[in-house]
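Subject: Structure handover

Hi,

Here is the structure for you to look over.

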Amino acid sequence: MNIKKTYLLFFLFSILSNSIIGFGKDTYWEQLPPLPDDEGFAGMFAGVSHGALICVGGANFPGKKPWEGGEKKWYDNVYVLKDVNLGWKVADQKLPTPLGYGVSGTFEDRFYIVGGSNELGHSSSVYSLSYTTEGIIVNDNIPDLPIPLANMSGTIIDGTIFIIGGQISPLGLSEDVFLFLDLKVPADQLKWEKGPKLPGKSRIQAVVAGHNDQLYVFSGFHLTRGENGGLVRHLLTDAYRYNPGNTQNNSTWQRLKDLPRGVAAAPSPGFSINESHIIIAGGLDDQTLTHTNPATHPGFLDKMLALHTQSGEWIEFGDMPKGTSRVTAPSVFWNGTWIVPSGERGPGVRSPEVTVFNTRTTFGWVNWGTLSIYLFCMIGIGFYFSKKENSTNEFFLAGGRIPWWAAGLSIFGTQLSAITFMAVPVIVYATDWRLAIGSIMIFAIVPFIVKYYLPFFRRLNITTAYQYLELRFNVNVRLLGSITFILLQLARMGVVVYLPSIAISSVTGLDIFYCIFIMGLFSTVYTVMGGIEAVIWTDVVQVVVLLGGALASLVIALSEIDGGLTTVIDIGMSNNKFRLIEWTWDYTQLVFWVAIIGFFFLNLISYSSDQVVIQRYLTVKNEKAAAKSLWINGLITLPGVFLFFGLGTVLYVYYLTNPEKIGATHSEELLPFYIVSELPIGLAGVVIAGIFAASMSSLDSSMNSVATAYITDIHKRFFSSWNDKKNLNLAKIITVIMGVFGTVTAIWIAVTEVGFIFDLFQKLLGMIGGCLAGVFILAIFTQRANASGAIIGTLSGALITFLISYFTAVNGYLYGAIGVISCVTIGYFTSILIPNDYNNNNEFTYKSMVKKPIG
């Protein structure tokens with residue numbers, strides 16, 4: 001034991017002391033391959049379809065410049081960029097007509113083009129483009145705009161196209177229109193609708209942005225008639241926000257603080273970077289607008305503005321690299337970055353360049369070093385314990401040698417996946433503390449499990465929880481439980497590796513496929529070598545690192561907030577960020593009674609019927625040690641609540657009071673992005689390594705538990721003649737197969753974007769798995785329940801839960817309670833109606849077991 005402690009302490013010390021050089025975060029501009037045209041285009045359309053960046057149409061002056069008498073030409077070409085290394089391809093297909101200066105956007109792998117202009121005038125046409133292996137498919141079976149429009153602004157938010165302003169004709173005044181088209185309805189119901197008018201003046205060439213499912217409108221030109229009948233442009237600096245959540249009824253516009261300068265015709269949509277920032281790059285301000293000689297024009301504004309959407313403040317966000325500012329160019333989000341293709345670099349002068357804007361974290365060689373050390377130390381743990389893995393009892397249960405405190409930390413670590421570690425602060429950042437009740441409810445579950453469940457799991461000399469179901473009922477119930485558990489693990493393995501890989505890839509710059517491969521490889525190697533013992537001790541290290549990293553993040557963020565904790569409390573209270581309880585009877589929301597009931601049963605499901613957790617109870621010396629492990633898990637949970645939930649609130653205040661700080665592009669990257677950007681060198685690498693380890697912990701637990709369930713519950717039944725050594729070798733082979741399966745499915749999800757299939761499969765199996773907790777209740781607390789009742793109760797409970805989830809708006813946190821209660825109720829009364837006492841062993845109920853002494 002002393003050797004283990006010394007090894008782990010040395011490991012942590014060696015990593016934490018490795019802090020020398022190199023990390024950070026900045027914003028940057030870089031170039032993609034230029035469009036294959038010497039001149040470039042203004043007013044292009046841009047979108048994404050099936051991973052390909054597509055740029056279409058636009059206009060330029062191919063011969064003489066406009067001040068030399070040149071004529072503008074519109075285009076119908078389609079350019080596709082699938083692989084940066086291969087460059088742009090000119091598609092064989094073209095638009096039905098040359099177009100430019102309209103609105104474009106992406107929804108469900110279709111790229112939409114709305115309105116625009118050409119040499120014949122302005123257009124009301126709407127098209128969608130899809131990229132396929134056969135080429136570009138153009139669909140014009142979409143309702144036209146009610147009026148022709150060009151030079152308008154727009155974007156797509158949650159499947160709805162929004163259009164603001166524009167001109168009906170080249171010499172027309174700016175229009176005061178606000179239109180929307182819901183793309184989520186069936187094709188035969190598609191219809192353009194009018195929304196409430198923008199409160200400000202009519203405009204063209206405004207900058208819009210879709211941010212947090214809200215529509216923002218900035219600047220633009222208001223057009224009036226001059227004395228000679230020509231058009232006069234008036235630069236606007238106003239800003240508005242619109243919530244499209246209820247486009248049919250009482251949605252209203254909200255006036256925001258005016259911009260410090262005009263930004264008309266800047267790339268649109270503006271860059272939505274994180275939960276709280278919209279970036280506007282360049283545009284036309286008063287100075288560039290009034291420059292009258294196009295031949296000597298200095299170029300457009302190269303400064304950036306940022307709106308901090310939570311505080312409503314505008315921030316000067318620095319300069320763009322010289323020569324990169326563009327106007328009348330679209331922007332599009334592709335591969336985690338904002339792309340600005342082509343556009344005007346001066347009046348009448350185009351550029352074929354395609355620029356990229358992003359916030360970038362620099363992980364640094366020291367952080368890479370600490371991450372590498374961490375991962376190889378995980379292998380070292382597996383190697384250390386491999387010498388003892390000479391039987392299935394050792395491989396599955398560690399010979400009962402695990403200290404109670406290590407088992408407790410492992411239970412905590414098993415519940416604390418990488419997804420949870422990253423998601424809880426993000427949820428609190430965006431909402432409040434209501435989810436904390438879920439963690440607090442562990443204190444209602446632990447005494448219940450210790451008193452009523454541990455006696456069965458510990459006194460019956462079992463390896464899986466489902467062995468007890470055979471003792472109490474029959475082998476069919478055992479197989480139902482075990483097979484359901486195995487299928488559920490298969491469904492979740494790829495997902496729990498893939499989701500954290502997205503965030504880790506983003507903040508480290510490591511390709512997502514390498515992230516997935518590293519997790520799969522390392523977790524498989526140390527799990528095969530060290531069995532459950534390696535799994536538990538790597539969990540211990542992971543918990544220490546993640547809790548330490550969260551604490552460091554909390555302390556450092558507090559130190560950079562003026563007023564520290566006092567400011568956090570004041571702002572948190574004023575913004576209702578500490579709300580823990582909501583007193584209503586609304587069963588669709590996470591109100592108090594929903595949280596209490598929902599989280600009680602969700603915790604009951606995990607701690608009473610999940611082999612991954614129950615296996616930890618069986619790795620310690622005796623029942624008393626198992627009880628201690630549960631209590632230490634519960635006791636760690638309480639400070640964990642304040643740590644992770646507090647971190648979410650602190651980060652909210654941190655970014656609110658430091659509006660110049662840019663967080664992650666996606667909400668799920670908030671915490672890892674902060675870690676890499678703000679934590680000291682070396683320590684950031686350790687905490688990111690901890691997130692790696694937490695992902696691997698979810699995978700390694702599934703691998704070992706699936707091998708345990710298969711060998712114990714299924715294989716031995718059909719191959720009873722196999723000796724223990726053969727079973728151990730097969731268990732290791734299954735572990736490898738599971739590791740490969742989890743890795744390959746995670747890569748498959750990343751490549752094919754079929755994660756929804758796994759989510760659905762996991763949800764359906766979870767409904768059955770949740771009902772297994774009801775089977776254990778029937779087994780332990782009732783003497784009349786039998787095998788038929790248990791099986792029918794399980795399937796009926798799953799069906800009822802599915803129907804309620806599909807046909808009602810009941811809050812998802814209640815599904816566990818519905819499944820368990822339905823299973824118990826139906827299972828009990830079915831047992832009365834279909835008695836089969838030969839499958840009903842009352843010796844293994846709580847009433848008979850409770851009198852046996854604790855071992």
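The notes below cover ground rules, salt bridges, a surface patch, cavities and backbone geometry.

**Ground rules**

This is a predicted model, so local features need pLDDT of at least 70 and side-chain atom pairs count only at pLDDT 80 or more, while totals for chains, interfaces and linings use all residues. Residues are numbered from 1 along each chain as its sequence is written, and side-chain values use heavy atoms, with hydrogens and water left out.

**Salt bridges**

A salt bridge here is a side-chain nitrogen of Lys or Arg within 4 Å of a carboxyl oxygen of Asp or Glu. That rule gives a count of 20 salt bridges.

Start with Asp238 and Arg203. Their side chains form a salt bridge at 2.8 Å, N to O. Asp238 sits in the loop between strand 19 (231–235) and strand 20 (239–242), and Arg203 in the loop between strand 15 (192–194) and strand 16 (207–211), so the pair ties together parts that are 35 residues apart in sequence. Strands are DSSP runs (E, at least two residues) and helices likewise (H or I, at least four), numbered from the N terminus. Both Asp238 and Arg203 are buried. Buried means under 20% relative accessible area, exposed over 50%, and partly exposed in between (1.4 Å probe, protein chains only).

Next, Asp319 and Lys303. This salt bridge is 3.0 Å, N to O. It links distant parts of the chain: Asp319 is in strand 25 (residues 313–319) and Lys303 in strand 24 (residues 303–308), 16 residues apart. Asp319 is partly exposed at 48% relative accessibility. Lys303 is partly exposed too, at 34%.

Arg255 and Asp258 also pair up, at 2.8 Å, N to O. Arg255 has a relative accessible area of 48%, partly exposed. Asp258 is partly exposed at 34%.

There is a network as well: salt bridges link Asp432, Arg434, Arg579 and Glu582.

**Surface patch**

Leu799, Phe802, Leu803, Tyr806 and Phe807 make a nonpolar surface patch of about 550 Å². Patch residues have over 30% relative accessible area and no salt bridge; nonpolar side chains (Val, Leu, Ile, Met, Phe, Trp, Tyr) are joined within 5 Å, like charges within 9 Å. Areas come from the Shrake-Rupley method with a 1.4 Å probe; for residues, only the protein chains shown count as cover. Tyr806 belongs to helix 21 (residues 787–807). Its relative accessible area is 59%, which means Tyr806 is exposed.

**Cavities**

The whole structure holds 4 cavities of 30 Å³ or more. A cavity is a set of points, on a 1 Å grid over the protein atoms alone, where a 1.4 Å probe fits but cannot get out; lining residues have an atom within 4 Å of a point. The largest cavity has a volume of about 280 Å³. Volume is the space filled by probe spheres set on the points, which are joined across faces, edges and corners. Its lining has 20 residues, with Gly102, Met152, Ser268, Thr328 and Ala329 nearest the centre. Strand 8 (103–107) and strand 12 (153–157) each give at least two lining residues.

**Backbone geometry**

Ser268 and Pro269 are joined by a cis peptide bond, with omega about 5°. Pro269 lies in the loop between strand 21 (253–255) and strand 22 (271–272).

Tyr101 has a positive phi, near 65°, and is not a glycine. Tyr101 is buried at 10% relative accessibility. Asn335 is another non-glycine with positive phi, about 55°. Asn335 is exposed at 59%.

Best wishes

Definitions and conventions: On a 1 Å grid over the protein atoms alone, a cavity is a set of points where a 1.4 Å probe fits but cannot get out, and a pocket is an open set with protein on both sides within 12 Å along at least five of seven lines; lining residues have an atom within 4 Å of a point.
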